[in-house]
Amino acid sequence: MKEKGITLFCASSDSVAPRLREAAAELGRLTAASGHPLITGAGKMGLMGAANDACLAAGGITIGVIPQFMVERGWHHRGLAQLLVTEDMHERKLTMAQLSMASIALPGGFGTFDELFEIITWRQLGLYNGNVVILNVDGYYDHLLEMIAHAVEEHIIPEDHTTSLYTVVTTPEEALKAALAKPTSLHLSSKFCGEQQFREG
């Protein structure tokens, strides 16, 4: 087993479409083949459950990180190689980041959006050095990416941040390749690194 894992953010709802479930399962299998542990929020359902199950079936290592209140509700996967129980959601996200060399976001809801934008922000602030990958299965994230582009047009998000902070791909194979790549050099605005300037207009 390689030391650092691949963190996966994704839906835990069991109502997800089969094509999304298969993408999650394929990513689980690919992560197992890479030798890196798969790190998730320890869910047993939805895309999270599909990724965990596929990784385990392929002989991979799965590490789940979940707050105590979710364990008490029985939401956790009981077949994981390791289950880490945290006090709260904040500690959960911090632990997942500390254990990982990269983070991949599959389709998901509010929880996934929260995790994705927080890890991008941490990378922006120099608090997380791993690659961040958005796996845009069947255009799921198209509207979100359009919103980010709109923020760039409004001079709220510097354009260089959209190329330095995360990578957008469309297949599980591309996602794992991007996750395992040498972390991209950050070319950020002067507010964050003092080297480049973000000019309006």
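## Close-up views of a predicted model

**View 1. Lys 93 and Asp 114 meet in a salt bridge between two helices.** In this predicted model, Lys 93 forms a salt bridge with Asp 114, and the closest N and O atoms of the two side chains are 2.7 Å apart. Lys 93 belongs to helix H4 (residues 89-99) and Asp 114 to helix H5 (residues 110-124), so this pair ties together parts of the chain that are 21 residues apart in sequence. Lys 93 counts as buried, because its relative accessibility is 14% and the limit for that word is under 20%. Asp 114, at 38% relative accessibility, counts as partly exposed. Side chains of opposite charge can pair when their charged atoms come close.

**View 2. Glu 118 also forms a salt bridge with Lys 93.** The side chains of Glu 118 and Lys 93 meet in a salt bridge with a distance of 2.5 Å from N to O. This pair, too, links distant parts of the chain, since Glu 118 lies in helix H5 and Lys 93 in helix H4, 25 residues apart. With a relative accessibility of 22%, Glu 118 counts as partly exposed.

View 3. Arg 29 is partly exposed, with a relative accessible area of 32%. Six salt bridges are counted in the model.

**View 4. Phe 113, Tyr 140 and Tyr 141 form one aromatic cluster**. The model holds two aromatic pairs. In one of them, Phe 113 and Tyr 141 are arranged edge-to-face, with 6.4 Å from centre to centre and 65 degrees between the planes. Phe 113 lies in helix H5, whereas Tyr 141 lies in the loop between strand S6 (131-135) and helix H6 (142-153), so the pair ties together parts that are 28 residues apart in sequence. Phe 113 is partly exposed at 26% relative accessibility, while Tyr 141 is buried, with a relative accessible area of 1%. The rings of Tyr 140 and Tyr 141 have their centres 5.0 Å apart and their planes at 90 degrees, so this pair is edge-to-face as well. Tyr 140 is partly exposed, with a relative accessible area of 35%.

**View 5. Strand S3 is largely enclosed by the rest of the structure**.

**View 6. Strand S3 pairs with strands S2 and S4**. Strand S2 (residues 38-40) runs parallel to S3 and is joined to S3 by three bridges, and the bridge partner of Ile 39 in S3 is Ile 63. S2, helix H2 (residues 46-57) and S3 together make a right-handed β-α-β unit. S3 also pairs in the parallel sense with strand S4 (residues 82-86), over five bridges, and here the bridge partner of Pro 67 is Thr 86 of S4.

Definitions and conventions
Residues numbered from 1 in each chain as written. Predicted model: local features only at pLDDT ≥ 70, side-chain atom pairs only at ≥ 80, totals over all residues. Heavy atoms only, no water. Salt bridge = Lys/Arg side-chain N within 4 Å of Asp/Glu carboxyl O. Buried < 20%, exposed > 50% of the residue type's maximum accessible area, 1.4 Å probe, protein only. Helix = DSSP H or I, 4+ residues; strand = E, 2+ residues; numbered from the N terminus. Phe/Tyr/Trp six-rings, centres within 6.5 Å; stacked < 30°, edge-to-face > 60°. Pairing = 2+ DSSP bridges. Right-handed = clockwise from strand over helix to strand, strands pointing away.
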